[in-house]
Amino acid sequence: MSDLTFTEREKFEQLLGMASGYVLDFTNRTFAEFILESTGRNIYDPRYDNASGSKAHRLRKFWQKEDNCLVGKLMGGLLDHLGESGPRVEICRLIVARLNGTASPSQAPKPQEMPKLQLSATLLELRQEFSDLATEKDRAKAGLALEKLLHRLFVLFQLHPRQPFRVVGEQIDGSFELDGHVYLLESKWEQNPLPEADLLVFSGKIEKKSTFTRGVFIALNGVSEQARSAITQGKAALRFS
C-alpha cells in the first residue's frame with residue numbers, strides 16, 4: 001500500500017483530469033496496455049474494482065493496493081506520457097521522487113536532501129498559485145489570496161510574519177523579521193506601474209517610526225520612472241527590483 005497523502009493524490013488527480021472519470025486521453029484498451037507495460041499489472045483485474053470501475057477509480061484503487069515503488073514507477077510514466085512542463089508537473093515529479101526514494105535505497109534521497117524536496121514542492125505550489133492569481137478577474141479576491149500566500153512564504157523561510165495583514169483593496173500591510181530587524185511590508189498589485197504618491201505614503205510610514213525601521217514595498221507591476229526618480233532625490237538610496 002502506498003503512502004500517498006490526500007494532498008498528493010489531489011495534485012495527481014488535477015493534473016490527470018480524473019474528476020471526469022478519465023485519465024488523460026486513454027481509452028480502456030490503451031489504459032490497460034500502458035499500465036501492463038509500465039508495471040506488469042492488469043488494471044482490469046477484480047482487485048482494482050472500485051465504485052463505477054472507471055479508469056480514474058481503478059487508478060485510485062491501484063494507489064491503495066500497490067507499494068510506493070510501483071506507484072512511483074507508474075506515475076512517473078504517466079507524467080512522461082503527458083509530455084508537459086510547468087509548476088504543476090514539477091510538483092508531481094517531486095512526489096514521484098519521494099515515492100521512489102521510500103522504496104528504493106539506490107534512488108532514495110539522502111536524509112539531508114528530504115527537506116529540500118519538500119521546500120521545492122512548496123515553492124512550486126506557491127508559484128503556481130501566484131500565476132493563477134494573475135488571471136483572477138476579481139482583484140479584491142486576488143488581494144485576499146495574495147495576503148495568505150505572502151504569509152505562507154514568510155513562514156516557510158522563518159521570517160516570523162506578523163498578522164493580521166490589513167487589506168485595503170489590493171494593498172497588504174504587515175511586517176516580518178530578518179537578521180534581527182523588523183521590516184514593515186506593503187504590497188500593491190495594480191494594472192499599471194505605481195505613481196510617486198503611493199511610495200511617498202509608505203516612505204512617510206517608515207519615517208514616523210524609529211531610525212532603525214526598515215520597509216519593503218512590493219509593487220507587482222513595477223513603479224513608474226517618475227516615481228523612481230522622485231522618491232530617491234535628496235534621500236538615502238532606495239533599492240528597486
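Okay, quick start with terms: helices here are DSSP runs of H or I with at least four residues, strands are runs of E with at least two, and both are numbered from the N terminus. What we have is a predicted model, so local features need pLDDT of at least 70 and side-chain atom pairs count only at pLDDT 80 or more, while totals for chains, interfaces and linings use all residues. Residues are numbered from 1 along each chain as its sequence is written, and side-chain values use heavy atoms, with hydrogens and water left out.

Let's begin with α3, residues 55-65. Eight of its eleven residues are buried, where buried means under 20% relative accessible area, exposed is over 50%, and partly exposed is in between, with a 1.4 Å probe and protein chains only. Among the buried ones are Leu 59, Phe 62 and Trp 63. And what do the buried residues of α3 pack against? They pack against α1, α2 and α4, with contact taken as heavy atoms within 4.5 Å.

Now, salt bridges. The rule is a side-chain nitrogen of Lys or Arg within 4 Å of a carboxyl oxygen of Asp or Glu, and that gives twelve of them. Glu 66 pairs with Arg 41, closest N and O atoms 3.3 Å apart. That one links distant parts of the chain, from the loop between α3 and α4 to the loop between α2 and α3, 25 residues apart. Glu 66 is buried at 6%, and Arg 41 is partly exposed at 32%. Glu 225 is exposed at 54%.

On to the rings. Phe, Tyr and Trp rings (for Trp, the six-membered one) pair if their centres lie within 6.5 Å; planes under 30 degrees apart are stacked, over 60 edge-to-face, the rest tilted. The structure has seven such pairs. Phe 176 and Tyr 183 have centres 5.3 Å apart and planes at 5°, so they're stacked. Both are buried, Phe 176 at 7% and Tyr 183 at 13%. For Phe 202 and Phe 217, the centres are 5.3 Å apart and the planes at 75°, so that's edge-to-face. Phe 202 is in helix α8 and Phe 217 in strand β4, so the pair ties together parts 15 residues apart in sequence. Last one: Phe 26, Phe 31 and Phe 34 form one aromatic cluster.
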